[in-house]
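Could you walk me through this structure, feature by feature, and show me how to read each one? I would like the general idea before each case.

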Amino acid sequence: KLMPQLNEIELKKQIGSGDFSRLYFLYGEEKYLIRHYTSLIIKKAVDPAFADFNLHGYDGKGVDFDDVSQAAEALPMMSERTLVHIKDLALDSLNSDQSDKFLKLISDIPETTVILISNPSLDVNMKSAKGRKILSEVDKFGCSVAFEHAGLNQLIKLVEKGASSRNCTISPSNARYLLTLIGDDMTVIINELDKICAYKKEGEIGREHIDAVVVKTVQARVFDLAKALTSGNCDLAMDILDTLIAMKEEPINILGALITPYVDMYRAKVYVSGGLRAEDAAKDFNYKNKEFRLTNGARAASKYSVSQIRTFLDVLDDADRLLKSTSVSGRLVLEQTITKLFLVSNGEKI
């Protein structure tokens with residue numbers, strides 16, 4: 001029978017009890033959590049004293065499933081389990097030969113083996129037809145866990161908890177302010193929190209401590225605004241807008257910077273849809289030394305149709321015309337634009 005996708009709490013419970021499934025697939029946007037749970041599973045499932053015998057690691061790029069099968073069949077030595085870890089496996093784009101071998105591998109995992117596939121730096125699209133098909137097979141024989149970006153309230157709690165474990169405290173409003181500066185990527189949040197707490201040493205973190213340590217360009221903040229929108233976090237996008245307005249940033253400059261990532265998405269999407277690589281657009285448009293923008297654009301665009309991305313550009317074009325031709329409040333135009341972009345990204349008509 002199909003096992004449902006696990007959520008983080010259920011996964012934590014399984015690891016805590018030591019009652020492991022034979023197969024795990026950890027994927028999604030939140031790379032920090034994927035790394036965290038990968039190392040927890042490895043630590044808990046394999047006795048470190050005998051890890052040399054019982055832990056087998058593979059890189060997903062160019063992985064040989066015959067080798068993996070052999071390792072999975074190996075009986076554990078002086079331990080309860082053998083653990084096979086495959087890192088960064090593009091499960092959404094296996095060719096038919098790899099796909100057959102992979103399905104054979106997971107359909108017959110010995111009782112003493114755990115296979116862990118985790119993607120701490122690779123993005124996969126498990127919502128495509130191919131992705132969904134392979135995901136249903138994974139859930140038939142084990143558990144998949146999708147780690148998506150946390151909501152704003154969860155992130156505020158994470159910042160508060162992180163500060164207290166580093167001998168500091170932070171109010172919810174200052175935690176929220178920090179997030180408007182640095183976005184919602186947990187790896188970045190933890191890194192910045194380390195820096196702020198090292199600077200403060202102990203006690204209450206105020207805005208002045210955050211400002212002293214966290215420096216963000218307008219371009220970077222607007223990029224985070226676009227990222228918050230494409231990951232469905234409208235609250236965070238509005239908060240970032242508030243910060244930009246409070247910094248006396250011109251609405252027309254904010255909009256100009258916001259248009260860039262959407263144009264990147266459109267170019268990348270059109271090239272990928274035409275069977276090319278997103279980076280191929282670099283030659284036709286001026287992306288010298290900025291090819292990473294097309295890679296990011298392709299990743300962000302993967303969840304949208306070409307017509308959705310065209311609608312994003314129409315919304316931004318309307319906003320540009322409004323800002324340049326009327327005396328209407330720039331902030332109001334930007335708030336309406338963010339709301340419309342959010343609705344379109346959720347597949348709603350505007």
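Q: What should I know before I start?
A: This is a predicted model, in which local features need pLDDT of at least 70, side-chain atom pairs count only at pLDDT 80 or more, and totals for chains, interfaces and linings use all residues. Residues are numbered from 1 along each chain as its sequence is written, and side-chain values use heavy atoms, with hydrogens and water left out.

Q: How many aromatic pairs does the structure hold?
A: Rings of Phe, Tyr and Trp (its six-membered ring) pair if their centres lie within 6.5 Å; planes under 30 degrees apart count as stacked, over 60 as edge-to-face and the rest as tilted. The structure holds 6 such pairs. One of them joins Phe 25 and Tyr 27, stacked at 4.7 Å centre to centre with 15 degrees between the planes. Buried means under 20% relative accessible area, exposed over 50%, partly exposed in between (1.4 Å probe, protein chains only). Phe 25 is buried at 0%, and Tyr 27 is buried at 7%.

Q: Why is the pair of Phe 65 and Phe 102 tilted?
A: Their ring centres are 5.8 Å apart and their planes are at 55 degrees, so the pair is tilted. Helices (H or I, at least four residues) and strands (E, at least two) are DSSP runs, numbered from the N terminus. Phe 65 lies in helix α4 (residues 65-73) and Phe 102 in helix α5 (residues 96-107), so the pair ties together parts that are 37 residues apart in sequence. Phe 65 is buried at 3% relative accessibility, and Phe 102 is buried at 0%.

Q: Which ring has the charged end of Arg 207 over it?
A: A charge sits over a ring if NZ of Lys or CZ of Arg is within 6 Å of the ring centre and within 35 degrees of the ring normal. Arg 207 has its charged end over the ring of Tyr 177, 3.8 Å from the centre. For Arg 267, the ring is that of Phe 285, and the distance is 3.9 Å.

Q: How many residues does helix α13 have, and how far does it reach?
A: The expected span of a helix is 1.5 Å times one less than its number of residues. Helix α13 (residues 251-273) has 23 residues and reaches 33 Å from its first C-alpha to its last, close to the 33 Å expected. Its buried residues include Ile 254, Leu 258 and Tyr 262. Among the elements covering its buried residues are α12 (234-246) and α17 (330-345). Just after α13, Gly 275 takes a positive phi of about 85 degrees.

Q: Where is Thr 82 found?
A: Thr 82 is found in strand β3 (residues 82-87), and it is buried at 0% relative accessibility. A polar contact is a pair of N or O atoms within 3.5 Å; within protein, one must be able to donate a hydrogen and the other to accept it, and residues adjacent in sequence count only if both atoms are side-chain atoms. A polar atom of the Thr 82 side chain lies 3.0 Å from the backbone oxygen of Ala 74.

Q: How many residues has the largest nonpolar core?
A: A nonpolar core is a set of buried Ala, Val, Leu, Ile, Met, Phe, Trp, Tyr and Cys residues joined through side-chain atoms within 4.5 Å. The largest has 74 residues, and those with the most contacts inside it include Leu 11 and Tyr 262. A second, separate core of 24 residues includes Val 63 and Ile 134.

How values were computed:
Contact = heavy atoms within 4.5 Å.
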